[in-house]
Amino acid sequence: MDGDYQVETPGTFVRCAVTGTAIPLDELKYWSVERQEAYVDANASMKRYLETR
């Protein structure tokens, strides 16, 4: 399912695919199912979208 994930390495955060900013897991709101990437905010998500379309 799109909302499911598997923890590969235990931790408390993921890194934004665009900025490299640490995103606490409980604050992760922007995720690309297609690219399997996390984004810190809507601006980072849009930037990646525009780069890859």
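Student: How much space lies in the largest pocket?
Tutor: This is a predicted model, where local features need pLDDT of at least 70, side-chain atom pairs count only at pLDDT 80 or more, and totals for chains, interfaces and linings use all residues. Residues are numbered from 1 along each chain as its sequence is written, and side-chain values use heavy atoms, leaving out hydrogens and water. A pocket here is an open set of points on a 1 Å grid over the protein atoms alone, where a 1.4 Å probe fits, with protein on both sides within 12 Å along at least five of seven lines. Volume is the space filled by probe spheres set on the points, joined across faces, edges and corners, and for the largest pocket that comes to about 550 Å³.

Student: Which residues lie nearest the centre of the largest pocket?
Tutor: Lining residues have an atom within 4 Å of a point. The largest pocket has 20 of them. Nearest its centre are Tyr 5, Gln 6, Val 14, Leu 25 and Trp 31.

Student: Is Glu 37 buried or exposed?
Tutor: Glu 37 is found in strand 4, residues 37-39, a strand being a DSSP run of E, at least two residues, numbered from the N terminus. Buried means under 20% relative accessible area with a 1.4 Å probe, protein chains only. Glu 37 has 19% relative accessibility, so it counts as buried.

Student: What does Glu 37 touch, not counting residues up to four places away in sequence?
Tutor: Contact means heavy atoms within 4.5 Å. With that cut-off, Glu 37 touches Ala 17, Tyr 30, Trp 31, Ser 32 and Arg 48.

How values were computed:
Helices (H or I, at least four residues) and strands (E, at least two) are DSSP runs, numbered from the N terminus. Buried means under 20% relative accessible area, exposed over 50%, partly exposed in between (1.4 Å probe, protein chains only).
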